[in-house]
Amino acid sequence: MTQDPADNWKHWPQGWYAVARADALRPGQIHSGHLAGQPWVLYRGHSGTLHATDAFCPHMGAHLHNAQVCGEALVCGLHACHLLPQTAAPTLPEHIKAGCRLAVRAWPSAEHFGLIWLHPPAAAIPPLPFSGSDGGHHWLAAGPQAVAADWRAMICNGFDLEHMQAVHQRQVEGEPLFERLPENGLRMTYRTRVLPRGGLSSWLMQRLSGGVIHLVHTCVGSSIMVQSRVGRFRTSAVFALLPQDAPGTRPEQRHSVALAAIGIPHGARWPTLQLRLARALYLAFLRKDFRVVEGMRLQLNHTADVGVQAVTAYQHTLADMEHHP
Ligand code: FES
Ligand SMILES: [Fe+2]
């Protein structure tokens, strides 16, 4: 039997991951999680600056999700060591005493599109996804949303032209254009016609667009940016997925956490109203996808969809993050 192209997708592609909404982390608060099994804690110092570091205290290994933020440092709850993340590789003394001050390894972190992004410490850090595409936008974040679906199925969905009609009541017009981007992404440019059924959101899209929507989808790792032109309205949406399972988990048993952000250009009229409307339309669009990808056992050896084939070929070129159980 020929190998399924889905099997060559990396479980955790090397790169940045959106892990939280920026407005969900206030000064003094701490979040925790893992990327490819590497545990992290993320916190906002009292100045508002974002910091991220390994999740275990270098003294005796207490998990830092229950630490306290003190200024820009974390104070471990077990013996009150002050830990300050720094980017230059810190060296730890051989014996660490309770209450001491320690420089710890910082994780690269950034706020972008109203979301917080993390990358595991590495010798070379790629640019943030879609870093050339955020100029002059207001952003409104959404999520996190737990989805009982394989993140790969949702990325495929973002490029699956054949599902547009059945799920989104849209018909693709003309030939899509594919480009590989120098920052290691894949871009698909195409247009769709809104078909006259599909509920309130489709009706509204048809009224706003005059029938045709111009779209650019860009995939970088496990995130997609969708830029759309609907009549005179332009919106950008970022959809970022965080895999949740150990490698080897059956595709139909996988889970993901989804975060999203909607942006409209500065200078747009009634920006708050437009943003809320754009977010409602985008989330209505996504809910239709969640319904069909949940519990999906992704298989790609029987599809001839050019979008799915292009994103699969792109995903095959990505490096895998090393997995630390
Ligand atoms: S384990 Fe953190 S200070 Fe001791
Ligand atoms: Fe979809």
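User: How many helices and strands does the chain have?
Analyst: The chain has 5 helices and 17 strands. Helices (H or I, at least four residues) and strands (E, at least two) are DSSP runs, numbered from the N terminus. Before we go on: this is a predicted model, where local features need pLDDT of at least 70, side-chain atom pairs count only at pLDDT 80 or more, and totals for chains, interfaces and linings use all residues. Residues are numbered from 1 along each chain as its sequence is written, while chains are lettered from A and ligands numbered from 1 in the order in which they are written.

User: Thanks! What box do the C-alpha atoms of the chain fill?
Analyst: Along the principal axes, that box is roughly 70 × 55 × 35 Å.

User: And what is the radius of gyration?
Analyst: The chain has 21 Å, which agrees with the value near 20 Å that a compact globule of 325 residues would have. The radius is taken over C-alpha atoms, and the globule rule is 2.2 Å times the number of residues to the power 0.38.

User: How much of the chain counts as buried?
Analyst: Of the 325 residues, 37% count as buried. A residue is buried if 20 or more other C-beta atoms lie within 10 Å of its own, exposed if 12 or fewer, and partly exposed in between, with C-beta atoms placed from the backbone.

User: OK, strands now. How many residues of β3 are buried?
Analyst: Strand β3 (residues 38-44) is mostly covered, with 5 of its 7 residues buried.

User: Which way do β2 and β3 run?
Analyst: They run antiparallel, and 6 bridges join β2 (residues 30-35) to β3. Two strands pair if DSSP finds at least two bridges between them. In this pair, Gly 33 stands opposite Trp 40. The hairpin of β2 and β3 has 2 residues between the strands, and Ala 36 there takes a positive phi near 50°.

User: What about β3 and β4?
Analyst: β3 also pairs with β4 (residues 50-54) in the antiparallel sense, over 5 bridges. Here Trp 40 stands opposite Asp 54. This hairpin has 5 residues between its strands, and Gly 48 in the turn has a positive phi of about 100°.

User: Switching topic: what does UniProt place at residues 16-118?
Analyst: An unreviewed UniProt entry places "domain: Rieske" there. UniProt positions are given in the numbering used here, feature names are shortened, and annotations may be inferred rather than shown by experiment. In the model, the span is 0% helix and 46% strand, and its end C-alpha atoms lie 5 Å apart.

User: In what order do the strands of the open sheet come?
Analyst: The order is β5-β6-β7-β8, with mixed pairing. β5 (68-70) and β8 (101-105) each have a single partner strand, so one side of each is left without a neighbour in the sheet. As an example of a pair, β7 (residues 82-86) runs parallel to β8, joined by 5 bridges. Gln 86 stands opposite Arg 105 in that pair.

User: Is Cys 70 buried or partly exposed?
Analyst: Cys 70, which sits in strand β5, is partly exposed, because 15 other C-beta atoms lie within 10 Å. Leaving aside neighbours within four places in sequence, Cys 70 is in contact with Val 75 and His 82. Two residues are in contact if their C-beta atoms, placed from the backbone, lie within 7 Å.

User: Nice. Which residue has a phi near 60° without being glycine?
Analyst: One of them is Phe 113, where phi has that positive value. Phe 113 lies in the loop between β9 (109-112) and β10 (115-118), and counts as buried because it has 29 C-beta neighbours inside 10 Å. Phe 130 also has a positive phi near 60°. Phe 130 lies in the loop between β10 and β11 and is buried, with 21 other C-beta atoms within 10 Å.

User: Last one: where is the cis peptide bond?
Analyst: It joins Gly 143 and Pro 144, with omega about 0°. You'll find Pro 144 in strand β11 (residues 137-147).
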